[in-house]
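The following exercises are to be worked with the sequence and the structure at hand. Each task is followed by a solution in steps.

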Amino acid sequence: MSLDQNWFTEQASATDCAFSLHIKKKLHEEETPFQKIAIYETTEFGNLMTLDELIMLTDRDNFIYHEMMSHPVLFMHPNPLKIVIIGGGDCGTLHEVLKHTTIEKVIEVEIDERVTRLSEQYFPSLCESNNDPRAEFCFQDGIDWMATAEENSIDVIIVDSTDPLGPGEGLFTVEFYRDCWRVLTPEGLLVQQSESPLLHLSLLQSIHYGMRQAGFKTTRSLQFPQCVYPSGWWTATIAGNGDLTQFREEAARNKSFKTRYYNPEIQKASFALPNLLLEGLPD
Ligand code: SAM
């Protein structure tokens with residue numbers, strides 16, 4: 001059975017499965033030096049952005065991903081002041097991070113400025129904090145940015161990247177993790193979107209081992225649902241130098257901002273891992 005032209009279908013050739021969204025119309029399409037960007041209006045999921053035919057986000061469910069890339073790691077750090085986001089050009093993660101009023105500075109490093117400009121146009125609610133004086137935009141390759149960044153200068157690095165293909169490939173290497181380790185303060189934490197445990201288990205394992213090889217003493221993955229990504233089951237992996245089981249629970253419970261998915265119980269529950277993950281990951 002094939003779907004008619006009113007459906008956007010992401011075909012994952014490596015895993016031979018597909019996911020479709022019913023679309024009303026295509027709103028925009030362009031080829032940048034880095035990737036092909038397309039924006040659609042869907043019937044039920046609001047606007048949809050794809051990069052090189054892969055689904056990046058929809059209006060309806062992006063809050064889960066953006067909240068889980070931000071709040072767990074920020075509440076695990078004792079006092080996060082200076083944050084770097086690598087990728088994340090749609091600005092949803094930036095918007096969540098800036099909700100933490102104690103944070104002093106967030107540097108958003110996105111390789112493709114067009115992703116941000118189009119997000120301002122088609123996903124305005126995600127870009128509401130772009131003019132916050134604490135936000136600084138650098139439109140350049142995150143790998144180069146990290147290689148030249150000052151040692152011991154950042155509290156939390158959030159890698160909100162595309163899959164390890166094209167410009168995102170180098171963000172999943174030991175060399176990149178080594179630069180992150182050097183740039184982070186001793187209490188610093190790195191979090192990276194780490195794909196699906198069902199479809200990309202060996203990649204997820206290699207992320208853990210790569211982070212450890214780069215110098216991080218501890219790594220932990222958390223999981224959350226994301227129905228528009230392959231398999232609908234997604235992870236983020238955190239690396240640090242100390243105990244990654246603690247978080248500022250009181251602060252999370254009394255936070256001054258609203259979240260639709262994240263709460264302290266979700267923080268605890270998201271780190272409970274199924275056996276298929278426990279068996280393949282380092283202690
Ligand atoms: N949440 C999405 C996912 O998991 O599919 C990621 C969305 S976000 C739009 C990913 C961003 O990473 C894209 O805008 C892309 O341009 C950016 N990106 C990819 N490689 C990069 C690199 N080397 N440096 C900086 N940004 C990069």
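Rings of Phe, Tyr and Trp, the last represented by its six-membered ring, form a pair if their centres lie within 6.5 Å; planes under 30 degrees apart count as stacked and planes over 60 degrees apart as edge-to-face. The model to which this rule is applied is a predicted one.

**Exercise 1. Aromatic pairs**

Task: Classify the pair Y65 and Y229 and the pair F75 and Y262, and place each ring in the chain.

Solution. 

Step 1. A pair of aromatic rings is described by the distance of the centres and the angle of the planes. By the rule above, the count comes to 7 aromatic pairs.

Step 2. For Y65 and Y229, the centres are 5.7 Å apart and the planes stand at 80 degrees, which makes the pair edge-to-face. Y65 belongs to helix α1 (residues 62–76), whereas Y229 lies in the loop between β11 (218–225) and β12 (233–240); the pair therefore ties together parts that are 164 residues apart in sequence. Both Y65 and Y229 are buried.

Step 3. For F75 and Y262, the centres are 5.8 Å apart and the planes are at 15 degrees, so the pair is stacked. F75 lies in helix α1 and Y262 in the loop between α7 and α8, so this pair ties together parts that are 187 residues apart in sequence. F75 and Y262 are both buried.

Step 4. One aromatic cluster is formed by Y65, F224, Y229 and W234.

**Exercise 2. Salt bridges of E249**

Task: Which partners does E249 have in salt bridges, and where do these partners lie?

Solution. 

Step 1. Side chains of opposite charge can pair when their charged atoms come close. The whole structure holds 15 salt bridges.

Step 2. E249 and R253 form a salt bridge with the closest N and O atoms 2.7 Å apart. R253 and E249 are 4 residues apart in helix α7 (residues 249–253), and are therefore separated by about one helical turn.

Step 3. E249 also forms a salt bridge with K268, where the closest N and O atoms are 2.9 Å apart. K268 lies in helix α8 (residues 264–270) and E249 in α7, so the pair ties together parts that are 19 residues apart in sequence.

Step 4. The relative accessible area is 25% for E249 and 43% for K268, while R253 has 38% relative accessibility. Each value falls between the limits of 20% and 50%, so each residue counts as partly exposed.

**Exercise 3. A salt bridge between strands**

Task: Locate K25 and E41, and decide whether each is buried, partly exposed or exposed.

Solution. 

Step 1. The side chains of K25 and E41 meet in a salt bridge at 3.6 Å, N to O. K25 is in strand β2 (residues 17–31) and E41 in strand β3 (residues 36–42), 16 residues apart, and the pair links distant parts of the chain.

Step 2. K25, at 46% relative accessibility, is partly exposed; E41, at 21%, is partly exposed.

**Exercise 4. Loop residues with positive phi**

Task: Where do C91 and E195 lie, and are they buried or exposed?

Solution. 

Step 1. C91 is a residue other than glycine with a positive phi, near 75 degrees. C91 is found in the loop between β6 and α2 (92–97), and is buried at 0% relative accessible area.

Step 2. E195 likewise is not glycine and has a positive phi, near 70 degrees. The loop between β10 and α6 holds E195, which is buried at 2% relative accessible area.

How values were computed
Residues numbered from 1 in each chain as written. Heavy atoms only, no water. Salt bridge = Lys/Arg side-chain N within 4 Å of Asp/Glu carboxyl O. Helix = DSSP H or I, 4+ residues; strand = E, 2+ residues; numbered from the N terminus. Buried < 20%, exposed > 50% of the residue type's maximum accessible area, 1.4 Å probe, protein only.
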